[in-house]
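Let's take a friendly walk through a few local features of this protein. Please keep the sequence and the model side by side as you read.

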Amino acid sequence: MEILADKLRPNSLDEILGQEHLVGKGKILRNLIDNHKMFSLILYGRPGTGKTSLARVIAKEINKEVVFLNATINNKADFEAAIEKAKGFDDIVLIIDEIHRMNKDKQDILLPYVENGSIILIGLTTSNPYMKVNPAIRSRSQVLELHELSEEDIIKGINRGIKALDNASITKEAAKYIASYACGDLRSAFNLLEVAYYSCSDHKITIDVLKQIDSKPNLYLDGNDDAYYDMLSALQKSIRGSDVDASIYYLARLLTMGDLDSIERRLSVIAYEDIGLANPGIGPRLDSAINAAERVGLPEAQIPLAYIVTEMALSPKSNSTNTALNRAMEDINMGHGKKIPNHIKTNSKDYKYPHEYYNSYVAQQYLPDDIVNHKYYIPKDNNVENNLNKIYKERTGKK
């Protein structure tokens, strides 16, 4: 039985939902097709944004033979067969799903034919091609990003779907509910619409029908993909920016994945990278919260994590130690400071042992001669670092 999402695949650019920046009047793909010219492309974007549909429409609009392969599933022989097929035409369109997973063997046999134009490659990926797609493929292709669909776009798709289902009807509220649930993923919207249609005897789709099927939004969080790391990044930036509401929101989204390890690792980084000396006790308190979370497990683990994330967001912030280390790394990378002073080398008789002096301090040089006046640690203006810096100055006489 053909599923609704496949039945409703567009047959022309005019039927593509969203992506006006690519297929709208005067935009790149429409102009290329109007000029009967196409180049190799990499289409990337979240699931359900229409990458496959757009690739198939492009091939149809330019009237080319199409071969569809998956970089993970299809083997080297399948790629060789596609090349043999291309030899029987002036050129063909080769659509490769999950192109970021294509190995070197497949790439090596494909590149010459992409280079000479006998194969118009259209690669599809949910991953950022600038990070995940092999540079040799990427350099021979034009990279185009597909945007997630708006609720308005999704509702247009739902209305098309209703017309394709016999005796179906849907309330405006239910259509909006599906669009909100889908979070920009048209395929997800079609799937929910179809399940709702067949799950009620009268085929009248209402919010009550939908809530009996699935009440959770379709949050795109794949642990192996970019969006998951974007969510971890959003959590860190929200805590760093002291926005407690945003911090709790992104924690909640990450908790829906149930991946405590990634959350706890990122919080450990934040404690030392972004809060640091402004609140030195945050590290041990975070460890306590992590221990509690692991001891009780989900769902109760969210309670100590919410507590510590709130405290971290509200805490004063300092990146002074991290910045100090980066400055030192810059000197090392530039070749500075290679020669350690003789008096602090192992077993040196000239070393002055600080604990034998008043206040456990004695003036002596520690940095190499060529960077002796370089300053790495610059305190931030907060109570803890101001006090530490005051003590440092009093003991050493340094500014």
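## Helix α6 and its cap

N103 caps the N-terminal end of α6, with a side-chain oxygen 3.3 Å from the backbone nitrogen of D105. That is a polar contact, meaning a pair of N or O atoms within 3.5 Å; within protein, one must be able to donate a hydrogen and the other to accept it, and residues adjacent in sequence count only if both atoms are side-chain atoms. Keep in mind that this is a predicted model, where local features need pLDDT of at least 70 and side-chain atom pairs count only at pLDDT 80 or more, while totals for chains, interfaces and linings use all residues. Residues are numbered from 1 along each chain as its sequence is written, and side-chain values use heavy atoms, leaving out hydrogens and water.

The helix itself covers residues 104–115, twelve in number, and reaches 16 Å from its first C-alpha to its last, close to the 16 Å expected at 1.5 Å a residue. (The expected span is 1.5 Å times one less than the number of residues; helices are DSSP runs of H or I with at least four residues, strands are runs of E with at least two, and both are numbered from the N terminus.) Its buried residues are K106, Q107, I109, L110, L111 and V114. Here buried means under 20% relative accessible area, exposed over 50%, and partly exposed in between, with a 1.4 Å probe and protein chains only. Among the elements covering these residues are α5 (76–86), β3 (92–97), β4 (119–125) and α8 (135–138). After α6 comes G117, which has a positive phi near 85°.

## Helix α11

Buried residues of α11 include L186, F190, L193 and Y197. The buried residues of this helix pack against α1, α9, β6, α10 (172–182), β7 (204–205) and α12 (207–213).

## A helix pair

Helices α15 (260–275) and α16 (282–296) pack at an angle of about 170°, with their axes 10 Å apart. They are therefore roughly antiparallel to each other, a label used for angles over 145 degrees. Contact (heavy atoms within 4.5 Å) involves, among others, L260, L267 and I275 of α15 and I282, L286 and I290 of α16.

## Backbone details in loops

In the loop between α16 and α17 (302–314) you will find P299. The peptide bond from L298 to P299 is cis, with omega near 10°.

Q19, in the loop between α1 (4–7) and α2 (20–23), has a positive phi near 55° although Q19 is not glycine. At 5% relative accessibility, Q19 counts as buried. N167 also has a positive phi near 55° and lies in the loop between α9 (151–164) and β6 (169–170). At 68% relative accessibility, N167 counts as exposed.

## Around S53

Which residue does the side chain of S53 meet in a polar contact? The partner is the side chain of R9, at 2.8 Å. S53 sits in helix α4 (51–61) and is buried, with a relative accessible area of 13%. Leaving aside residues up to four places away in sequence, S53 touches R9, P10 and I16.

Conventions:
Axes are lines fitted to C-alpha atoms, for helices over the stretch in contact, and angles run from 0 to 180 degrees between N-to-C directions. Angles under 35 degrees count as roughly parallel, over 145 as roughly antiparallel, 65 to 115 as roughly perpendicular and the rest as oblique.
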